[in-house]
Amino acid sequence: MAGLKGPGLRQNYDGSGLRIAIVHARWNAVIVDSLVAGAKKSLLSAGVSEENIIIQNVPGSYELPFAVQSISAASRIPISTHFPTGDPFLSDTHPSQPPQLAPRIPTAPFDAVIAIGVLIKGETMHFEYIADAVTHGLMRIQLNNGVPVIFGLLTVLNEEQGLERAGLGKHGQHNHGEDWGNAAVELGLKQKGWS
Ligand code: DLZ
């Protein structure tokens, strides 16, 4: 039975035709790494293949919108328009493109992007400003590009709250990253067509 909170009963979506990017911040790495692992686990169990899960990282949560924008905007343009011989990020040898000109962010299309970061409240207003900017930035990016962005930003008051939501706490809460992986598969499929 579904609980009062959470996304309700899990739907069985087939993610085998999807390509999903996970972009995560490196701040609060123990919590973030567990959330990323949870998201990846859900993607794999929905049938997304390992090679179609691309994981990128940025220093902190404030950098998430820029990275997600780079990936999402490129997702609207076929790879062949950028690079006639394929995606240089994913291949070691790329005859038509000098390595120094190859983009550092993968350009192949993604059906959804999961943005993951953990903001822990401190003694200043820093937390509020970053949480607000990142939240609005990610929403704007998904609406502008038409590529779903899954909101994996935890905004917690202390480390314990973060650990709980990453499945690492004393109270045995589940790993929210798993929900985000499921949401990416569902929205990735719905982005392709609402039937
Ligand atoms: C600076 C900072 C602080 C104080 N706290 C966090 C945090 O809790 N979580 C997080 O993801 N990032 C934090 N950062 C880093 C900023 O997000 C950002 O990387 C820097 O301000 C550089 O733009």
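Which of the 15 residues around the ligand come nearest? In this predicted model, they are Ala25, Trp27, Gly60, Ser61 and Tyr62. The points below set out the ligand shell, the fold, the core, and the parts that call for caution.

1. **Ligand shell.** Two elements give two or more residues each to the shell around the ligand, namely β3 (112–120) and α4 (126–145). Strand β3 provides the largest share, with four residues. By type, the shell divides into eight nonpolar residues, six polar residues and one charged residue.

2. **Fold.** The chain contains six helices and four strands, arranged along the sequence as β-α-β-α-α-β-α-β-α-α. Of its 195 residues, 37% count as buried. Among contacts between residues at least 6 apart in sequence, 77% join residues at least 24 apart.

3. **Nonpolar core.** The largest nonpolar core has 41 residues, and those with the most contacts inside it are Ile20, Val68, Val113, Ile114 and Ala115. At least two residues of this core come from each of β1, α1, α2 (64–75), β3, α4, β4 and α6. Strand β3 gives the largest share of the core, seven residues; β3 is also the source of the largest share of the ligand shell. In soluble globular proteins, nonpolar side chains tend to be buried together.

4. **Val113.** Beyond four places in sequence, the contacts of Val113 are Ala21, Val23, Val68, Ile71, Ser72, Val147 and Val149. Val113 is itself among the residues with the most contacts inside the largest nonpolar core, as is its partner Val68.

5. **Helix α1.** This helix covers residues 29–45, and its 17 residues reach 24 Å from the first C-alpha to the last, close to the 24 Å expected at 1.5 Å a residue. Its buried residues are Ile31, Val32, Ser34, Leu35, Val36, Gly38, Ala39, Lys40, Ser42 and Leu43. The elements covering them include β1 (20–25), β2 (53–58), β3, β4 (149–156), α5 (159–165) and α6 (176–192). After α1 comes Gly47, with a positive phi near 100°.

6. **Asn28.** Most residues other than glycine have a negative phi. Asn28, however, has a positive phi of about 55° although it is not a glycine. Asn28 lies in the loop between β1 and α1. Is Asn28 buried or exposed? Asn28 is buried, because 21 other C-beta atoms lie within 10 Å, where 20 or more are required.

7. **Leu18.** This residue is found in the segment before β1. Leu18 counts as buried because it has 24 C-beta neighbours inside 10 Å. Beyond four places in sequence, Leu18 touches Val48, Asn52, Asp111, Val185 and Gly188. Leu18 and Leu189 are 171 residues apart in sequence, yet their C-alpha atoms are 7.6 Å apart in space.

8. **Confidence.** The chain averages a pLDDT of 86, with 78% of the residues scoring at least 70. The model scores are ipTM 0.99 and pTM 0.84. Over residues 86–95 the pLDDT stays under 50, and the model has 19 contacts beyond four places in sequence for them. Over residues 97–105 the pLDDT also stays under 50, with 11 such contacts in the model. Where pLDDT is low, the predicted coordinates should not be read in detail.

Technical notes. Residues numbered from 1 in each chain as written. Predicted model: local features only at pLDDT ≥ 70, side-chain atom pairs only at ≥ 80, totals over all residues. Near = placed C-beta within 6 Å. Nonpolar A, V, L, I, M, F, W, Y, C, P; charged D, E, K, R; others polar. Expected span 1.5 Å × (residues − 1). Buried ≥ 20, exposed ≤ 12 C-beta atoms within 10 Å, placed from the backbone. Contact = placed C-beta atoms within 7 Å. Core = buried A, V, L, I, M, F, W, Y, C linked by C-beta atoms within 7 Å. pLDDT = per-residue confidence, 0-100.
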